[in-house]
Amino acid sequence: MKAAIGIDIGGTNIQVGLTLELGEVLHQTSLRVVHYQQNQIFLNVLTDVVQEFTALSNDLEIIGIGIGSPGANILSGTIQNASNLPWDNLPIVGHLKTETALPVYLTNDANLFAIAEKVFGQAKEMQDFISLTLGTGVGAGIYTSGELLTGRDGLAGEVGHLVYNRGGRPCKCGRNGCLERYVSASGVVETTRQLIREARLESELIGIPESYITAEAVAEAAKNDDLLAIRVFEVTGQILGESLADLTATFNPETIFISGGLANANEVLFAPLRSSFEKSLLAIYPTEIPVLKSSIPDRNAGVLGASALVWEQSKIATESTLTAYD
Ligand SMILES: [Zn+2]
């Protein structure tokens, strides 16, 4: 039986998993970025983990390694300029290829959910869809005509930094008013703080020290009919709906998937989001473009997405002569 290794690199943790073709995760382990700050140390540890997984799977044929990371340069196979990662110009693809003799594929981490949705989720038969991940920031993976949109460097889909409100909230990218300052987990917290300061609505969140307010706590409060928390998600859903209508005008998707921690707010977020989306959509589009919660579980979405890169690329490789980084 064939298997693939998926590596999901985040700002805090690196998840490594061994998966089967239908999306079953056989083994998964986690490394903390803070423990492996130097290029060579990290590459050595990662190679050790991959080799342990290979040793665990005598009866399996591992056909490749997929990696999702911020700052992924798909041309050079390196990780560059990722603001949350300590490594400088990390030659991750070349190193793992040499050490394991396996094909290695790299993509931007924002694409992992979209790839997982296409290979294992609800988008198997879809050609044109957007997968938006609402986490600490906002990322998107976009499929057009059955292909993942990468752009020249693999950096397409940075929709979190589309300017929603010119001159608005400062963003760590150096600009102001970026979408992710409003519709991410941190955006929800900021909107909550703002509404608490305005003091127009009652709330169980008033009086909690500002640094203790989380997006999950606000979502819970909204589910318990807290007026201020409901208003936070109405504002968030409205902004998100308007932005999805803008993205629809560019990409004409058949469905939009929402994933990431904020998606777990469920109808508290999705009801105002869908209503705003339908109101904002240009009349030329059908109104029934579904906005769905992703079916890929958060806990291994990254690993599944990264390994899905292997399954998808291996299919392309057998269909043509294309192989990874040859
Ligand atoms: Zn920004």
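Let me begin with a term: a residue is called buried when its relative accessible area is under 20%, exposed when that area is over 50%, and partly exposed in between, with a 1.4 Å probe and protein chains only. What you see above is a predicted model, in which local features need pLDDT of at least 70 and side-chain atom pairs count only at pLDDT 80 or more, whereas totals for chains, interfaces and linings use all residues. Residues are numbered from 1 along each chain as its sequence is written, and side-chain values use heavy atoms, with hydrogens and water left out.

Let us turn to the salt bridges, each being a side-chain nitrogen of Lys or Arg within 4 Å of a carboxyl oxygen of Asp or Glu. A search of the whole structure finds ten of them.

Glu210, which is partly exposed at 34% relative accessibility, forms a salt bridge with Arg193, at 3.9 Å from N to O, and another with Arg197, at 3.4 Å. Arg197 lies in helix H5 and Glu210 in the loop between H5 and H6, so this pair ties together parts that are 13 residues apart in sequence; helices here are DSSP runs of H or I with at least four residues, strands are runs of E with at least two, and both are numbered from the N terminus. Arg193 counts as partly exposed, at 25% relative accessibility, while Arg197, at 58%, counts as exposed.

Which residue forms a salt bridge with Lys172? The partner is Glu180, with the closest N and O atoms 3.6 Å apart; Lys172 is exposed at 64%, but Glu180 is buried at 6%.

Finally, Arg169, Arg181 and Glu190 are linked in a network of salt bridges.
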